Amino acid sequence: MATEFSGTKRPGGRTERTRLAALNATLELLGERGYAELTVEAVADRSGVHKTTLYRRWESAEGLVAAALLMGTEQEWTAPDTGSLEGDLREVNLELVHYFTSPGERELPTASISAAFLSARAADALREFYVDRHARSAAIVERAVDRGEVPAGTDSVEVVRVACGPIFYRLFVSREGVTPRDAGIAAAAAAAAARAGVFTATDG
(Lines give C-alpha, C1' and ligand atoms only; values in the text may rest on other atoms or scores of the structure.)
Protein backbone atom coordinates (compact mmCIF):
# COMPACT_ATOMS: atom_id res chain seq x y z
CA MET A 1 0.00 0.00 0.00
CA ALA A 2 2.76 2.36 -0.90
CA THR A 3 2.03 6.05 -0.58
CA GLU A 4 3.11 6.88 -4.10
CA PHE A 5 1.73 9.95 -5.79
CA SER A 6 3.87 10.18 -8.92
CA GLY A 7 1.87 10.83 -12.07
CA THR A 8 0.98 8.24 -14.64
CA LYS A 9 2.44 8.26 -18.13
CA ARG A 10 -0.28 7.68 -20.65
CA PRO A 11 -1.21 9.00 -24.08
CA GLY A 12 -3.70 11.79 -24.42
CA GLY A 13 -4.59 15.00 -26.16
CA ARG A 14 -3.36 18.48 -25.37
CA THR A 15 -5.73 18.86 -22.42
CA GLU A 16 -4.42 15.67 -20.85
CA ARG A 17 -0.80 16.65 -21.49
CA THR A 18 -1.48 19.98 -19.82
CA ARG A 19 -3.06 18.26 -16.83
CA LEU A 20 -0.16 15.87 -16.38
CA ALA A 21 2.45 18.61 -16.82
CA ALA A 22 0.77 20.79 -14.21
CA LEU A 23 0.09 18.06 -11.65
CA ASN A 24 3.49 16.39 -12.00
CA ALA A 25 5.11 19.80 -11.49
CA THR A 26 2.92 20.27 -8.42
CA LEU A 27 4.11 16.97 -6.97
CA GLU A 28 7.75 17.83 -7.65
CA LEU A 29 7.41 21.18 -5.93
CA LEU A 30 5.42 19.73 -3.04
CA GLY A 31 8.25 17.32 -2.34
CA GLU A 32 10.89 20.01 -2.71
CA ARG A 33 9.26 22.92 -0.88
CA GLY A 34 6.36 21.58 1.13
CA TYR A 35 2.76 22.72 0.97
CA ALA A 36 3.19 26.11 2.63
CA GLU A 37 5.77 27.28 0.07
CA LEU A 38 4.05 25.96 -3.04
CA THR A 39 2.56 28.60 -5.34
CA VAL A 40 0.64 28.62 -8.60
CA GLU A 41 3.38 30.78 -10.11
CA ALA A 42 6.02 28.19 -9.24
CA VAL A 43 3.93 25.45 -10.83
CA ALA A 44 3.54 27.58 -13.96
CA ASP A 45 7.30 28.10 -14.18
CA ARG A 46 8.07 24.41 -13.63
CA SER A 47 5.37 22.98 -15.89
CA GLY A 48 5.34 25.49 -18.71
CA VAL A 49 1.57 25.82 -18.30
CA HIS A 50 0.43 29.45 -18.15
CA LYS A 51 -0.72 30.50 -14.70
CA THR A 52 -4.02 31.74 -16.13
CA THR A 53 -4.78 28.18 -17.23
CA LEU A 54 -3.82 26.87 -13.80
CA TYR A 55 -6.07 29.34 -11.99
CA ARG A 56 -8.96 28.69 -14.36
CA ARG A 57 -8.81 24.92 -13.93
CA TRP A 58 -7.62 24.46 -10.34
CA GLU A 59 -8.30 27.87 -8.76
CA SER A 60 -5.38 27.82 -6.32
CA ALA A 61 -2.30 26.02 -5.08
CA GLU A 62 -4.59 24.08 -2.75
CA GLY A 63 -6.64 22.88 -5.71
CA LEU A 64 -3.50 21.83 -7.56
CA VAL A 65 -2.23 19.83 -4.60
CA ALA A 66 -5.57 18.08 -4.08
CA ALA A 67 -5.77 17.11 -7.76
CA ALA A 68 -2.15 16.00 -7.78
CA LEU A 69 -2.61 13.75 -4.75
CA LEU A 70 -5.58 12.10 -6.41
CA MET A 71 -3.32 11.03 -9.27
CA GLY A 72 -2.12 8.31 -6.92
CA THR A 73 -5.40 6.49 -7.55
CA GLU A 74 -4.36 6.19 -11.21
CA GLN A 75 -1.26 4.20 -10.35
CA GLU A 76 -1.15 0.51 -11.30
CA TRP A 77 -0.66 -0.84 -7.78
CA THR A 78 -1.64 -4.36 -6.74
CA ALA A 79 -1.48 -5.93 -3.31
CA PRO A 80 1.44 -8.31 -2.74
CA ASP A 81 0.81 -12.05 -2.88
CA THR A 82 3.40 -14.02 -0.91
CA GLY A 83 1.20 -16.96 -0.02
CA SER A 84 0.48 -15.95 3.57
CA LEU A 85 -1.34 -13.13 5.34
CA GLU A 86 1.66 -12.19 7.45
CA GLY A 87 3.93 -12.20 4.41
CA ASP A 88 1.58 -9.96 2.45
CA LEU A 89 1.23 -7.50 5.31
CA ARG A 90 4.98 -7.47 5.79
CA GLU A 91 5.46 -6.55 2.12
CA VAL A 92 2.91 -3.75 2.41
CA ASN A 93 4.75 -2.39 5.44
CA LEU A 94 8.14 -2.71 3.78
CA GLU A 95 6.84 -0.61 0.90
CA LEU A 96 5.81 2.07 3.39
CA VAL A 97 9.19 1.95 5.10
CA HIS A 98 10.89 2.31 1.72
CA TYR A 99 8.85 5.29 0.54
CA PHE A 100 8.97 7.15 3.84
CA THR A 101 12.66 6.63 4.61
CA SER A 102 14.55 6.48 1.30
CA PRO A 103 16.33 9.75 0.39
CA GLY A 104 14.95 11.13 -2.83
CA GLU A 105 11.61 9.37 -2.33
CA ARG A 106 10.56 10.16 1.24
CA GLU A 107 10.16 13.88 0.61
CA LEU A 108 6.94 13.68 -1.40
CA PRO A 109 4.92 11.24 0.74
CA THR A 110 6.01 13.08 3.87
CA ALA A 111 5.02 16.44 2.39
CA SER A 112 1.71 14.93 1.29
CA ILE A 113 0.87 13.86 4.83
CA SER A 114 1.86 17.30 6.11
CA ALA A 115 -0.31 18.98 3.48
CA ALA A 116 -3.33 17.09 4.78
CA PHE A 117 -2.92 18.85 8.14
CA LEU A 118 -2.84 22.27 6.47
CA SER A 119 -5.51 21.91 3.79
CA ALA A 120 -8.98 20.42 3.99
CA ARG A 121 -8.95 19.70 0.25
CA ALA A 122 -5.60 17.95 0.49
CA ALA A 123 -6.92 15.93 3.42
CA ASP A 124 -9.96 14.88 1.39
CA ALA A 125 -7.73 13.87 -1.52
CA LEU A 126 -5.39 11.89 0.72
CA ARG A 127 -8.36 10.16 2.32
CA GLU A 128 -9.67 9.19 -1.13
CA PHE A 129 -6.22 7.88 -2.04
CA TYR A 130 -6.23 5.59 0.98
CA VAL A 131 -9.81 4.47 0.34
CA ASP A 132 -8.54 3.32 -3.06
CA ARG A 133 -5.53 1.57 -1.51
CA HIS A 134 -7.68 -0.13 1.11
CA ALA A 135 -9.99 -1.44 -1.60
CA ARG A 136 -7.05 -2.87 -3.53
CA SER A 137 -5.56 -4.34 -0.36
CA ALA A 138 -8.75 -6.27 0.37
CA ALA A 139 -7.40 -9.09 -1.78
CA ILE A 140 -4.82 -9.82 0.93
CA VAL A 141 -7.50 -10.73 3.45
CA GLU A 142 -9.78 -12.36 0.89
CA ARG A 143 -6.99 -14.78 -0.03
CA ALA A 144 -6.30 -15.44 3.65
CA VAL A 145 -9.96 -16.32 4.16
CA ASP A 146 -9.85 -18.67 1.16
CA ARG A 147 -6.75 -20.39 2.60
CA GLY A 148 -8.45 -20.81 5.95
CA GLU A 149 -5.92 -18.57 7.71
CA VAL A 150 -8.52 -16.18 9.10
CA PRO A 151 -12.27 -16.42 9.77
CA ALA A 152 -14.82 -15.46 7.15
CA GLY A 153 -16.10 -11.94 7.73
CA THR A 154 -12.69 -10.57 8.69
CA ASP A 155 -12.63 -6.80 8.04
CA SER A 156 -9.90 -6.30 5.46
CA VAL A 157 -9.61 -2.56 6.00
CA GLU A 158 -9.11 -2.94 9.74
CA VAL A 159 -6.46 -5.62 9.25
CA VAL A 160 -4.47 -3.31 6.98
CA ARG A 161 -4.96 -0.32 9.29
CA VAL A 162 -3.66 -2.26 12.28
CA ALA A 163 -0.71 -3.58 10.30
CA CYS A 164 0.28 -0.16 8.95
CA GLY A 165 -0.65 1.93 11.99
CA PRO A 166 2.59 1.37 13.93
CA ILE A 167 4.60 2.52 10.90
CA PHE A 168 2.79 5.84 10.72
CA TYR A 169 2.92 6.21 14.52
CA ARG A 170 6.70 5.91 14.53
CA LEU A 171 7.06 8.22 11.55
CA PHE A 172 4.69 11.02 12.51
CA VAL A 173 3.86 10.76 16.22
CA SER A 174 6.83 9.46 18.21
CA ARG A 175 9.30 10.51 15.49
CA GLU A 176 11.59 7.63 16.38
CA GLY A 177 12.14 6.27 12.89
CA VAL A 178 11.11 2.93 11.47
CA THR A 179 13.00 -0.12 10.23
CA PRO A 180 12.22 -3.29 8.25
CA ARG A 181 12.20 -5.14 11.57
CA ASP A 182 9.46 -2.83 12.84
CA ALA A 183 7.52 -3.51 9.64
CA GLY A 184 7.72 -7.24 10.25
CA ILE A 185 6.66 -7.01 13.90
CA ALA A 186 3.61 -4.89 13.04
CA ALA A 187 2.63 -7.30 10.27
CA ALA A 188 3.00 -10.32 12.54
CA ALA A 189 0.88 -8.69 15.25
CA ALA A 190 -1.91 -7.80 12.83
CA ALA A 191 -1.88 -11.27 11.28
CA ALA A 192 -2.04 -12.92 14.70
CA ALA A 193 -4.98 -10.74 15.71
CA ALA A 194 -6.76 -11.56 12.45
CA ARG A 195 -6.24 -15.30 13.00
CA ALA A 196 -7.74 -14.91 16.47
CA GLY A 197 -10.88 -13.38 15.00
CA VAL A 198 -10.33 -9.89 16.37
CA PHE A 199 -11.44 -8.23 13.13
CA THR A 200 -14.66 -10.15 12.53
CA ALA A 201 -17.93 -8.29 12.89
CA THR A 202 -19.68 -8.65 16.24
CA ASP A 203 -23.09 -7.54 17.46
CA GLY A 204 -23.44 -4.74 19.93
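Reader: Is Asp-182 buried or exposed, and how should I read that?

Author: Buried means under 20% relative accessible area, exposed over 50%, and partly exposed in between, using a 1.4 Å probe and protein chains only. Asp-182 has 13% relative accessibility, so Asp-182 counts as buried. This is a predicted model, where local features need pLDDT of at least 70, side-chain atom pairs count only at pLDDT 80 or more, and totals for chains, interfaces and linings use all residues. Residues are numbered from 1 along each chain as its sequence is written, and side-chain values use heavy atoms, with hydrogens and water left out.

Reader: Which residue forms a salt bridge with Asp-182?

Author: The general idea is that side chains of opposite charge can pair when their charged atoms come close. A salt bridge here is a side-chain nitrogen of Lys or Arg within 4 Å of a carboxyl oxygen of Asp or Glu. For Asp-182 the partner is Arg-170, with the closest N and O atoms 3.6 Å apart. Arg-170 sits in helix 8 (residues 156-172) and Asp-182 in helix 9 (residues 180-195), so the pair ties together parts 12 residues apart in sequence. Helices are DSSP runs of H or I, at least four residues, numbered from the N terminus. Arg-170, at 25% relative accessibility, is partly exposed.

Reader: Which residues join Glu-16 in one network?

Author: Arg-19 and Glu-74, through salt bridges that share partners. Glu-16 and Arg-19 have their closest N and O atoms 2.9 Å apart, and both residues are buried. They are 3 residues apart in helix 1 (residues 14-33), so about one helical turn separates them.

Terms used
Helices (H or I, at least four residues) and strands (E, at least two) are DSSP runs, numbered from the N terminus.
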